[in-house]
Amino acid sequence: MKGGFWQGLDLWARRCLPAVFCLLFVLLSVLPIPIPGYSSIVPMLTLACTFFWAVHHPRLLPPVVVFAIGLLQDVLSGAPMGAGAVVLLLTYGVTVSQRRFFHHRSFLQVWSGFMLVALGAAALSWLLAMIVGGTFAPPQAALFQYLLTLAVYPLVTWVLHGAQRLVPAEV
């Protein structure tokens, strides 16, 4: 009976890994880095994480969790409330709907797909920030954030592929 409890707890913890990694990337995204203007160009790590899990194990990262993670990121980053949640949910929805084109493909094919999804997410984030803020924002920061996100995507997926080995096989 003891083994059953601990095995169940272990299985539950492994199933929570996608959400835990998304939360970890939220925290990494809001760390204060002493570089002028860095907060406006910080890579969209949570977006990359959400995309990864939506491709590989969407059942382990349900939409309600994606929404909660997006709201938490909005609160911690000072972004317009709900904007990050909407962007993450749309990214998740688009990725899951196109999962058959991403799953079991080469890294370059998945990265190319991420480039398109992240471009849409960056544009939407920029647009929502302007609408909520009521002022025009130059697109250079959003473009640089997008390019920085593409640059760190290989590292993010390398980390998440390592974590994926811990996810239960039956999922």
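**Exercise 1. Work out how α2 and α5 are arranged.**

Solution. Start with the axes: those of α2 and α5 come within 10 Å and cross at roughly 15 degrees. Axes are lines fitted to C-alpha atoms, for helices over the stretch in contact, and angles run from 0 to 180 degrees between N-to-C directions. Helices are DSSP runs of H or I with at least four residues, numbered from the N terminus. Next, classify the angle: under 35 degrees counts as roughly parallel, over 145 as roughly antiparallel, 65 to 115 as roughly perpendicular and the rest as oblique. Therefore α2 and α5 are roughly parallel to each other.

This is a predicted model: local features need pLDDT of at least 70, side-chain atom pairs count only at pLDDT 80 or more, and totals for chains, interfaces and linings use all residues. Residues are numbered from 1 along each chain as its sequence is written, and side-chain values use heavy atoms, with hydrogens and water left out.

**Exercise 2. Classify the packing of α4 and α6.**

Solution. Helix α4 covers residues 45-56 and helix α6 residues 83-97. Their axes lie 9 Å apart, at an angle of about 30 degrees. That makes α4 roughly parallel to α6.

Terms used: Helix = DSSP H or I, 4+ residues; strand = E, 2+ residues; numbered from the N terminus.
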